[in-house]
Amino acid sequence: DRDRIGHFLPYAYAELDLVVVGDTLPHSLDDLRQRPELKLGIVRGVRVGRLKDAVDAMLASRQAEYSPDFDNLAAKLAAGRLQAAIIPSVIHAKMRRDGQLPARAVTVDLPEGPPEAIGLYLHRANIPADDVQQLQRSLDGMRREAWVQQMYVRYVGETEMRRLFRSEAAR
C-alpha cells in the first residue's frame, strides 16, 4: 500500500534477530514457538516481514506481547517478564553497546529473517518527481562512497556493518 502512495528510496539494510535471555537457547522462531514457557516481545510497529504469520500466532496464543518502544522491551527482558525479543540488529547492537540489554542476553540469528532494505518513503503527492530523483542520486552516492556503511561502523561496529551489507558486497 505504501508503494501506491509513495516512493521508496533504499539506503541501508536491517535484519531482525532474536535476543534471548535464559539458559537454553532456541535456534529459530519456530523452535521458540515449541516452548510455551518462553515469552516473546516485540515493539509495536516493527515490520517483521516473513515472520508475520509466526508472530501473529504467538500474539494470539499470548506467547508474545507488544511493547511500546525498545527501552520498555529491554526493561521487560531485564526483569524476566520476557525471555526473548525480536529486535532489528542495528538497534540491539547499539542497545548492547550502551548497556541497555541484560549482560547474559544472547543473539540468535533468525534464518527466517534475511537482511531487508530500509530507506525513506516520500509521498508522491507532496514531493515532485525531480526532487525524488535528486534525493535518490544523493543516497546512491552516499552508499557508493561508503558513507552509510561508515555510519553503521560508528554506531554498531564493523562486524555488524559487514553482516548487514553482505548482499551489497556480493554485487
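Reader: Is phenylalanine 8 buried, partly exposed or exposed?
Author: This is a predicted model, in which local features need pLDDT of at least 70, side-chain atom pairs count only at pLDDT 80 or more, and totals for chains, interfaces and linings use all residues. Residues are numbered from 1 along each chain as its sequence is written, and side-chain values use heavy atoms, with hydrogens and water left out. Buried means under 20% relative accessible area, exposed over 50%, and partly exposed in between, with a 1.4 Å probe and protein chains only. Because its relative accessible area is 29%, phenylalanine 8 is partly exposed.

Reader: Is the pair of phenylalanine 8 and tyrosine 121 stacked, tilted or edge-to-face?
Author: Rings of Phe, Tyr and Trp (its six-membered ring) pair if their centres lie within 6.5 Å, and planes under 30 degrees apart count as stacked, over 60 as edge-to-face and the rest as tilted. The ring centres of phenylalanine 8 and tyrosine 121 are 4.9 Å apart and the planes stand at 40°, so the pair is tilted.

Reader: Is tyrosine 121 buried, partly exposed or exposed?
Author: The value to judge for tyrosine 121 is a relative accessibility of 35%. Because of that value, tyrosine 121 counts as partly exposed.

Reader: Which kind of aromatic pair do tyrosine 152 and phenylalanine 165 form?
Author: Tyrosine 152 is buried, with a relative accessible area of 11%, and phenylalanine 165, at 4%, counts as buried too. Their rings lie 5.1 Å centre to centre with 85° between the planes, and the pair is edge-to-face.
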